[in-house]
Amino acid sequence: MKIGLIAMSGVRVRTPELAELGVTLPQFVNRGKVVASLPSLGLLTVAGLTPDNVDVAYREVAEVNPDEELEEFDLVGISSFAAQIDEAYLLADRYRAAGIPVVLGGLHVSMMPEEAAEHADSVLLYGAEGAWPKLVSDFRRGALQPRYEGLRAGVFEEPHYARPRFDLLRGRAYNRITVQTSRGCPMNCEFCAASLRLTSSFQQKPVDKVVAEIRSALEVTTHPFFELADDNTFINKKWGKEFLRAIIPLGINWFTETDISVADDDELLDLLAESGCRQILVGLESFNGEDLVGIDPSGWKQKHSDRYLEAIERIQSYGVTVNGCFILGLENHTPDVFSRMKEFIDRSGLLEVQITVMTPFAGTPLYERMRRQGVLLQERFWDRCTLFDVNYKPKRMSVDELEAGMRWLFGQIYNEREYTQRQRHYMEIVKKRL
Amino acid sequence: MSERELEEELRALLNKTSQEEVATLGLDDDLVERLGLDSLAGLRLLAAVEKHFAVRFPDERLGEFHTLRRILEFITSRPEEDPS
């Protein structure tokens, strides 16, 4: 028996003016491209959960070619970002038409199971832990069920945990490998469409399991740069320090997403630098506390926004660059937000900046709110969930103003001169630390 | 310092900075590609060269210094960093 696990890869900006801008200012889609080119950790984990006596093949598909011959499998599992979900459905329809059963899973499918079920023999919701082994067993005895629900807690505990099959990446040219240390985030930001939607509470993987996964990935790749597929790695500082001490001997370079509170802990910052952390991505969202009201239920981001500048400088002084993420089109944003954001970014000394537009991904509280308010521009817009295409009517400006302002800001932030200045800033920080 | 000595010193520095074996690296090999460096690692390497040899690469040409030969040629031309 052979199972094909297929990850839909690649994301394309839909708004023509923005797609054009991506050609002249390649940096602005850099992060999106990196994310889209990462191997699918979800499917490698599914492979790890598959019984040893079943063959598994891992494939990536960026675009479905209806004339291309389908690779033969006994069962196909497909996972996709929201932006590529229609391609995933096309591929699923092709396999089913060829008589090969299809299972669809992943975040979008977990949020929109009824929609996905129209294109699948079975849908797998939430994580695969606690569901995939049963699904395979049911399939083998001809009793595949239309719907399976994975665990939403205890996913890293035995007997449910499985190490991702990094060996399936052998011989492929990946320069970034993902490893997950946690699932979920207690902040629960309204717009977040990450792993917190798959869990009932914050799930932390034991350090020894993470280290074993990194070692396993190192066996099959040359000079990988590790990307932690976490929503917020350093929620638990005690765990964080234990983890950092454990990976120092591995000599790796790595990146993760976390919040600004890491700046408060000198020991943690020292360990981050020593363990090869080259960049942390921090969702700053906006430069002004008033813009952040209601972003997260506890108001954490708003409370911390007045110390962004100090925290960025402090983190970067350790040689760990901060990729500051901002969202355009928040409730409070007016047409002057673009110039004010440029001014803040200039003052911040951020070594990398990611600017996206507010995106109401299916299943998020933001999507539900916007749907209730009737401000979504289309009923179905998944292929435009690229983080750059505008899909709603902003509260305090027009769609055109948001799109034009975003293009203006991209031109200001992602040009060669700004990039060069950030490079020089980083080199001077490094020189101070040598 | 002879060119040979300079090259050895540069290799020793790169070895220490990148923690990769650079002895077999050709003068025209792409450092980022051969050493598997990410873009930040490439910049760290140039920063180490600047500090060690007291030079300053022109900001707008940072992307050009991706081989040992290019770096050596630049160091040899010795536009020392202005201490101010």
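User: How many positive and negative side chains does chain A have, and how far apart are the centres of the two sets?

Analyst: In this predicted model, chain A has 50 positive and 63 negative side chains, and the centres of the two sets lie 3 Å apart. Lys and Arg count as positive and Asp and Glu as negative, while His and the chain ends are not counted; the charge is placed at NZ of Lys, CZ of Arg, CG of Asp or CD of Glu. Local features need pLDDT of at least 70 and side-chain atom pairs count only at pLDDT 80 or more, whereas totals for chains, interfaces and linings use all residues. Side-chain values use heavy atoms, without hydrogens and water, residues are numbered from 1 along each chain as its sequence is written, and chains are lettered from A and ligands numbered from 1 in the order in which they are written.

User: Which helices and strands are counted in chain A, and how many are there?

Analyst: Chain A holds 16 helices and 14 strands, taken as DSSP runs numbered from the N terminus (helices: H or I, at least four residues; strands: E, at least two).

User: Why is chain A called as compact as a globular protein of that length?

Analyst: Its radius of gyration, taken over C-alpha atoms, is set against the globule rule of 2.2 Å times the number of residues to the power 0.38. For 434 residues the rule gives 22 Å, and the radius of chain A is 22 Å, so the chain is as compact as a globular protein of that length. The C-alpha trace spans about 60 × 50 × 40 Å along its principal axes.

User: What makes the pair of A:Tyr367 and A:Phe381 tilted?

Analyst: Rings of Phe, Tyr and Trp (its six-membered ring) pair if their centres lie within 6.5 Å; planes under 30 degrees apart are stacked, over 60 edge-to-face, and the rest tilted. For A:Tyr367 and A:Phe381 the values are 6.4 Å centre to centre and 45° between the planes, hence a tilted pair. A:Tyr367 lies in helix 14 and A:Phe381 in the loop between helix 14 and helix 15, so the pair ties together parts 14 residues apart in sequence.

User: Why do A:Tyr367 and A:Phe381 count as buried?

Analyst: Buried means under 20% relative accessible area (exposed over 50%, partly exposed in between; 1.4 Å probe, protein chains only). A:Tyr367 has 5% relative accessibility and therefore counts as buried, as does A:Phe381 at 0%.

User: Why is the pair of A:Phe388 and A:Phe410 edge-to-face?

Analyst: The ring centres of A:Phe388 and A:Phe410 are 6.0 Å apart and their planes stand at 80°, so the pair is edge-to-face. Both A:Phe388 and A:Phe410 are buried.
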